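Here are my notes on the model you sent over, point by point. Have the structure open while you read.

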Amino acid sequence: MTLGADRSDVAARRTTPDQLTPTVELIEITKAFPGVIANDHISLVAMPGEVLCLLGENGAGKSTLMSIISGLYQPDSGRIKVGGNEVRIDSPRHGRELGVGMVYQHLSLIPTLTVLENLMMGANPGIVLDQSSARTRLAELASALGVVVDPGARAGSLALGQQQHIEIIKALWSGSRLLILDEPTSMLTPQGAMELQGVLRALTARSLAIIFITHKLHEAIAIGDRVAVLKLGRVVGTMGPDELAAATPQELQERIITMMFGEAHAPDAQVAELREPAVAGRAVAVATAEPLLELVDVSAVGADGQHGIQHVSLTVRGGEVVGVAGIDGNGQRAFAEVIAGQRRQSAGEIRLAGTSIDRTSVSARQRMGLRYVTDDRLGEGVVASWPVSVNLVLKRIGQVPYWNRGSVDRSAIDTTARELIEEFDIRTPSPQTRIGKLSGGNIQKAIIAREVAFEPRVVVFNKPTHGLDVRTTHAVRERISEMTRQGVAVVVISSDLDELIDVCDRVAVLDAGRLVGIVKNGPGAATRIGELIVGAAAPVPMPA
Amino acid sequence: MSDATSGLDSGIETAASIPSRWRGWVDALVRSVGPIVLALLTGGILLAIVGRDPIAFYDDVLKAGLFRASGLQDTITRTAPVLLVGAGLIVAFRAGLWNLGSDGQYLLAAAFVAGVAPGLLASVPVAIGWILLAFLGMTVGAAWTIVPAWLRGRYGVNEIITTLMMSFIGVGLAALLVKGPFDGPSTVPQTSVIDPGGMLLNLPDVRIHIGVFLALFVSAAVYWLFARTAFGTRMDVLGANPRAAVHAGIDVPRLILVTFMLSGALIGLAAAVDIVGVFSYMRADWNPAYGLKVVPLVFLARLNALAMIPFAVFFGVMSIGGAYATRRADLPGDFLLVLIGLVLLFMVLTQYLGDKRQRGESLLPRRSRMASVHA
């Protein structure tokens, strides 16, 4: 059964759902890695025409499970049935042949090639690329998704949401019956996420089965026909279509949180998910505080084809949280790196507590209390093959007390590491564990610990909670508001609008490297920011 | 580079249980010694194919390189330049800088030292002369890395290409210097010979010069550099994750320059020790070409300067004993290069299989495992 080949199943489901064969059925799947059982007797079914939402914290075993379905890993025990027949999926290619399509969290299109070229590259086994049949296939799949695609457009010129549509088409290219999406909305704007929902509905209407991995409860509730919650490698709860239909979103949310964290944590997690803005009552103090970070007409060139920044001016006062919104790649990275000192500015001035730091090095800025929590955690934030302890002092190499007259003092490093691990609740077997072995949330906690410890004055967070589970997200946001109470100036760069509304006093919007507006947080702010992001706001007056 | 065990990494297994610690040691030993054993076995097969007796050949190698007193002395003396070149390569490689131009750096330093040494040692106290010549070799070696280092640090130009090109130029320039300004009285193009009284002191009753101790000291110093110092840690960060180095506020262009110059200096020191310790003059066409032979050893030692010592001894035995054995077996001296090439090949293979096992897969290809089950 390939996509678009058989619509009778939809009708069948409506009449006698119980007689349907599951598209993919996992029975008692177990997979252990040294020291950890990633999947512990997991049983799940993905039914044709349904979206199965897979929820779970970082390290719950979702990725391992999907790698097993797609053929990347072999389970230690357990069985997999595809279309009712038991199979052994021994390679990703075999997985594709069985009709398992996978869309990863990070988009993998080659930006300089056209849409059509990207698709043909991924799928064509032969040497000669067959353009005309590829065009036909693209048109077929685009109409199945209900989207319009220009085959000749360069992949890099498309918006992220559109690129994701291409990724989905790529996954479905040679006929899939199961589509797996790994945190597909993490890169998208709210509008993009809405569009994706429409696409998924169009696909399930054609009796495709979808597994949708997410951290976000409200998405799971809005999109899922079935919801399964994973925790520490086990399925701790499932909800079928009937149960989902019978309850209000509010009730479902509470029920899922209880599954994920147990009764005790439900109120905790709700704060992060239900988004009660924590900013009220802070504004008065802010108005009188000293400006700690000032950008005056700063410009810088971007890297890797991303936007730089042009003539950006912004002031952040002590105790204030200023957000920077915008679609990814609109100059956020250049903005953060210029402040951190990693990127040279081509014009303008940056001041820290009134002193120009234009000629100050990265490490000197760090010592002056200017900190940068990078969004590229594994790429530049840590040395993955090194211990947690050394990563915690990575920006203090050669400084006392960790290095005395150039010679390392391991016990001093260890002491500080243990303190930070305790204070920031970093879950690690020991300070000597390689940091790359920790889950994403714990790596982020370690990076934040490194930047926030030792008397910060200004902290720039770049996507502080991207890819983190509800609990860690909550902890990070708590940390931010705690810092503001101590008079630290905070900048939060994020493509997650809800997050900005949750933590910021003001939100600046970056579009193509320019600051197109600053919105004071309050009623209606989200709409106003959203309009500025997508360029739907009143046009900014053009300079003469 | 990624599995270079940094000094700071060394505490990493403390939390692990004793058996897994043992396994780590065994694993390291297998990965380091395994390729050599496999290369020697394959070399034996090759010898048998060309009609030589492998047992007799390796017997000759061991006799001439290890068990005969004069051979053993030569072997130990030969470790000095290998350790110093190795230390130079380790410094660069750990910082993720591929200094493949060691031959040019070595020869150019050798040419300057051999050109200046006879006159200098005749006019100043020898001890001061040795120190000055050591600095001369280090300076020349370091200077020859400046262009690649600057291009890499400032413009990101791939240093593999630039160091190789500079090496060709350096090798040619060294020959020109020996034929020109440094040409000695002899009719063949070669420098003047250092007076025997100017050569490095030997240990009592043997032909092992004090440069060997200098090389051992440098190896220990390089080990300490990475295990203990902030400078070594910075180089390790650069090698492990260059973007993290920028992020952590390390002045990367400057660190690249300093690292490259240190690497070149150690290689230049190897040249000085060789000329003043062993050869006493330099011929225009002389080139021991340590560089590419030492590279595999450096990786077998897992970029650890102390672990390099046994491999340097192995290299000494193979080159001293091998020279004798190939002559006896009527084989070209290049047979040693074949063995080194095989070591490199099996090293990559062992690494691949080891990585595979660490990912939790079997060492055997899946098909053959199935076959053995059915058999």
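1. Start with α4(B), since 16 of its 22 residues are buried, so the helix is largely enclosed by the rest of the structure. "Buried" here means that 20 or more other C-beta atoms lie within 10 Å of the residue's own (exposed is 12 or fewer, partly exposed in between, with C-beta atoms placed from the backbone). Helices (H or I, at least four residues) and strands (E, at least two) are DSSP runs, numbered from the N terminus.

2. A word on the ground rules: this is a predicted model, in which local features need pLDDT of at least 70 and side-chain atom pairs count only at pLDDT 80 or more, while totals for chains, interfaces and linings use all residues. Residues are numbered from 1 along each chain as its sequence is written, and chains are lettered from A and ligands numbered from 1 in the order in which they are written.

3. Back to α4(B), residues 102-123: its end C-alpha atoms are 31 Å apart, which agrees with the 32 Å that 22 residues should span at 1.5 Å a residue. The expected span is 1.5 Å times one less than the number of residues. The helix does bend, by about 45° at Ala117(B), and Pro118(B) follows within four residues. That bend is the angle between axes fitted to the seven residues ending there and the seven starting there.

4. Which residues touch the most other members of the largest nonpolar core? They are Leu84(B), Ala110(B), Ala111(B), Val113(B) and Val298(B), out of 191 residues in that core. Helix α11 of chain B (residues 252-279) gives the largest share, 16 residues. Apart from this core lies another of 71 residues, including Met47(A) and Ile166(A). A nonpolar core is a set of buried Ala, Val, Leu, Ile, Met, Phe, Trp, Tyr and Cys residues joined through C-beta atoms within 7 Å.

5. Take a look at Leu84(B): beyond its neighbours within four places in sequence, its contacts include Ala215(B), Leu266(B) and Val273(B). Contact means C-beta atoms, placed from the backbone, within 7 Å.

6. Chain B has 15 helices and zero strands. Of its 375 residues, 47% count as buried.

7. Where the chains meet, 30 residues of chain A are in contact with 25 of chain B. On the chain A side, α14 (362-367), α15 (377-381) and β18 (407-408) are the elements that give two or more residues.

8. Over in chain A, six of the six residues of β21 (506-511) are buried, so this strand is largely enclosed by the rest of the structure. Both faces are covered: Arg506(A), Ala508(A) and Leu510(A) are buried on one side, and Val507(A), Val509(A) and Asp511(A) on the other.

9. What does β21(A) pair with? Four bridges join β13(A) (residues 321-325) to β21(A) in parallel, with Gly323(A) opposite Val507(A). Six bridges join β21(A) to β22(A) (residues 514-520), running antiparallel, and Val509(A) stands opposite Gly517(A). Strands count as paired if DSSP finds at least two bridges between them. β21(A) and β22(A) form a hairpin with two residues between them, and Ala512(A) in the turn has a positive phi of about 50°.

10. Finally, chain A has an open sheet of four strands, in the order β12-β11-β14-β15, with antiparallel pairing. Its edge strands are β12(A) (309-317) and β15(A) (355-356), each pairing on one side only.

How values were computed:
Contact = placed C-beta atoms within 7 Å.
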